[in-house]
Amino acid sequence: MKEEVKNLGYLEGLDPVELVAYPTILILILIWAWRKSKQRSPMEPDYKYFFIGVLAKILGASAFCAVYTYYYKGGDTIAYYESARAYVNLLFEDPTSFWTAYTHGAVEENMYLFKSTTGYPWGYMFMDPKTNLLIRVITPFVLLGMNGYLLSSIFFSLACFTGTWKLYRLFCNYYPDYRKYLAITILLFPSAVFWGSGMLKDTLTFSSVCWLVVGFESFFIRKKRSISNILILVFSFLLLLLIKPYFIIAVIPGCIIWNFYDRILKIKNKLIRVSAIPFILVFSSVLGYVILVNAIGFSIDSLLEEAVVKQADLKREEYNGNSFDIGTYEPTLQGASTVAVPAMVAGLFRPFIWEAKNVVMIFSGMENFFVLVLLILVLFRVRVIGFFSLVFRHPIVMFCLFYTLIFSLIVGLSTSNFGALVRFKIAFLPFFTSALLIMFFEASRKKSASRILRDKH
């Protein structure tokens, strides 16, 4: 008689079998990454950092699993894993029922296809279309990981690393001299490595937004209208739409501005270029709004109402005082505008170091302090006017800042819990820090060039 599989919501420890298999699989993956890095880096210098990126992703996934197994002792990631494990068990026990459950999604009748010997998906996740989709995405990786939490997480995070790697290469195409520093902000940024390496929505959505940006740049900016780029755009857009629609709200306006402004920069007449900027900003905003309304049924009122509800929910006592408060506001544009500044500050820079109440938050506070210092250094070096001048000379930087500001505002308005805030921020922090880094070095380069010219005269 088969043993009953139970959901505990936590793990009593990592499976001894996968702990034994872990070193072998780790060595094999690293050998593959090392060989790929060595073979391709002579012709494609970006690949010099491929190995370190893969290693960071594996270590991030390993640390994530250890923290949620031994420190937090449970969480949504364990629930995702246990739900996907039920699908894998059902595959071996009854392939026909598995195919029905896997292809039909969040249908209540499909819960009865699972048995005590396969285990059951968590009901609240199974019946939510967004979490149900993520469970089904994770299932092949749990199968590949032999039903082990650690190995499944590593395979899942490596698959999602493809989006991060493509984003890094995109930035390197524009700024090849900054490869080493971009590797830090995109491939090795601590919070993105840790929170973007577990079996959570955040890992998949961050990878998807990276793919969406890469596909957009290739299709619209470089005009490579290939089938593969169309598929990348459609698939990444649908994943974001079905799992976290507000990503679309944040990324689409910035992409549209990037596309139009990139064309404006090709105009030789400076007066016409400068005069076109307000028009481009207004037109892009209107076009973005129209696309959002028609593509995802976007409504500012419903978005704000949902944000107010989420913010109130995350202030509950169950979160052990790990909450913050930007102030109450009415779910209207006027109401949101009264707390827009503290919302953005929270999204960009909180938790501050003195607000940290555990080890994880301390590391996040240190990281936020670094980001704030980097912003201050850029402003100190170029001043306010120089800041905007730099932004308008670099369309990809303009995109990063628009995307960051919109996303941080959404997160700040809808989140009042530091634990959730830290996870959500990984979606824009690599973009934001990369933009600041580019501005810092571009300003330095401009000053060096001016000094050389001055010395010659």
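This is a predicted model: local features need pLDDT of at least 70, side-chain atom pairs count only at pLDDT 80 or more; totals for chains, interfaces and linings use all residues.
A contact here means heavy atoms within 4.5 Å.

View 1. Residues are numbered from 1 along each chain as its sequence is written, and side-chain values use heavy atoms, with hydrogens and water left out. The chain has 20 helices and 0 strands; helices (H or I, at least four residues) and strands (E, at least two) are DSSP runs, numbered from the N terminus. Take the contacts with a separation of 6 or more: 74% of them join residues 24 or more positions apart. Of the 457 residues, 53% are buried, where buried means under 20% relative accessible area, exposed over 50% and partly exposed in between (1.4 Å probe, protein chains only). The chain exposes about 21700 Å², with carbon and sulfur atoms supplying 67% of it; these areas come from the Shrake-Rupley method with a 1.4 Å probe, and for residues only the protein chains shown count as cover.

View 2. H3 (residues 76-93) runs 26 Å from its first C-alpha to its last, close to the 26 Å expected for its 18 residues. The expected span is 1.5 Å times one less than the number of residues. Of those 18 residues, 14 are buried. H18 (residues 395-414) has 20 residues that should span 28 Å, and its end C-alpha atoms sit 29 Å apart, which agrees. Because 16 of its 20 residues are buried, H18 is largely enclosed by the rest of the structure.

**View 3. Ala427, tucked into a loop.** Look for Ala427 in the loop between helix H19 (418-424) and helix H20 (429-456). Ala427 counts as buried because its relative accessibility is 2%. Leaving out residues up to four places away in sequence, Ala427 touches Phe206, Val209, Phe247, Tyr403 and Phe407. Tyr403 is 24 residues from Ala427 in sequence and 9.8 Å away in space, C-alpha to C-alpha.

View 4. Lining residues have an atom within 4 Å of a point, and among them are Lys57, Thr164 and Phe206. Helices H2 (50-71), H7 (149-174), H8 (179-187) and H9 (190-195) each supply at least two lining residues.

Terms used
On a 1 Å grid over the protein atoms alone, a cavity is a set of points where a 1.4 Å probe fits but cannot get out, and a pocket is an open set with protein on both sides within 12 Å along at least five of seven lines; lining residues have an atom within 4 Å of a point.
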